[in-house]
Amino acid sequence: MSKTQLNRVKSGELELQEKVVSINRVVKTTSGGRTFSFSALVVVGNGNGVVGQGLGKAKEVQEAITKGIDDAKKNLIKVPIMHGTIPHEQSAKEGAAKVMIRPAAAGTGVIAGGSMRAVLEAVGITDILSKSLGSANPQNVVKATVVALSKLREPIAVAKQRNISLKKVFNG
């Protein structure tokens, strides 16, 4: 079982807020003319450590958003949050998009750009420093951010694994 499988969450009784990150109009040219369709990138989160991202494609915008929300609810993960920030620094790569996230002191706010900000706000992080490197493609940036968040380790689990106190994890 992979690391991302370990922190999966069921969307049953969670109250999730949806946020549409991007809507892309796609044109397919056929012999009969042009056919338009839409793809919607959606992020859902409960603002308390649970987040998911999904992609929906359909002929209508609203239908694409609905499909994206359903997809996002199927891909929820649990993220460890301590005092409004993340427990440690992490980076991830998806396609040509690289993201780097760092814990920040209280009062810093969410220092993040566009699509990355949507994911971090949906998960409920209030203070974080982040940087998006490489491609600015919203789909890959959102995926890389979710991967980085899923790689985060719970501080209590790290302390148990190392057989040391929780204070030594942060001061050691």
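Tutor: Two strands are said to pair if DSSP finds at least two bridges between them. Helices (H or I, at least four residues) and strands (E, at least two) are DSSP runs, numbered from the N terminus. This is a predicted model, in which local features need pLDDT of at least 70 and side-chain atom pairs count only at pLDDT 80 or more, while totals for chains, interfaces and linings use all residues. Residues are numbered from 1 along each chain as its sequence is written, and side-chain values use heavy atoms, with hydrogens and water left out.

Student: What makes β5 and β6 a pair?

Tutor: Five bridges join these antiparallel strands, and the definition asks for at least two, so they pair. Ser91, for example, stands opposite Met100 in β6. In the hairpin of β5 and β6, two residues lie between the strands, and Gly95 has a positive phi near 65 degrees.

Student: Why is the pairing of the four-stranded sheet called mixed?

Tutor: The open sheet has the order β5-β6-β8-β7. Strands of a sheet can pair either way, through backbone hydrogen bonds.

Student: What makes β5 and β7 edge strands?

Tutor: Each of them, β5 (90–94) and β7 (110–111), pairs on one side only.

Student: Which residues of α4 are called buried?

Tutor: Buried means under 20% relative accessible area, exposed over 50%, and partly exposed in between (1.4 Å probe, protein chains only). Those of α4 that are buried include Val141, Ala144, Ala148 and Leu149.

Student: What makes a group of residues a nonpolar core?

Tutor: Such a core is a set of buried Ala, Val, Leu, Ile, Met, Phe, Trp, Tyr and Cys residues joined through side-chain atoms within 4.5 Å. The largest one here has 26 residues, and Val51, Leu120 and Leu149 have the most contacts inside it. Its largest share, six residues, comes from α4.
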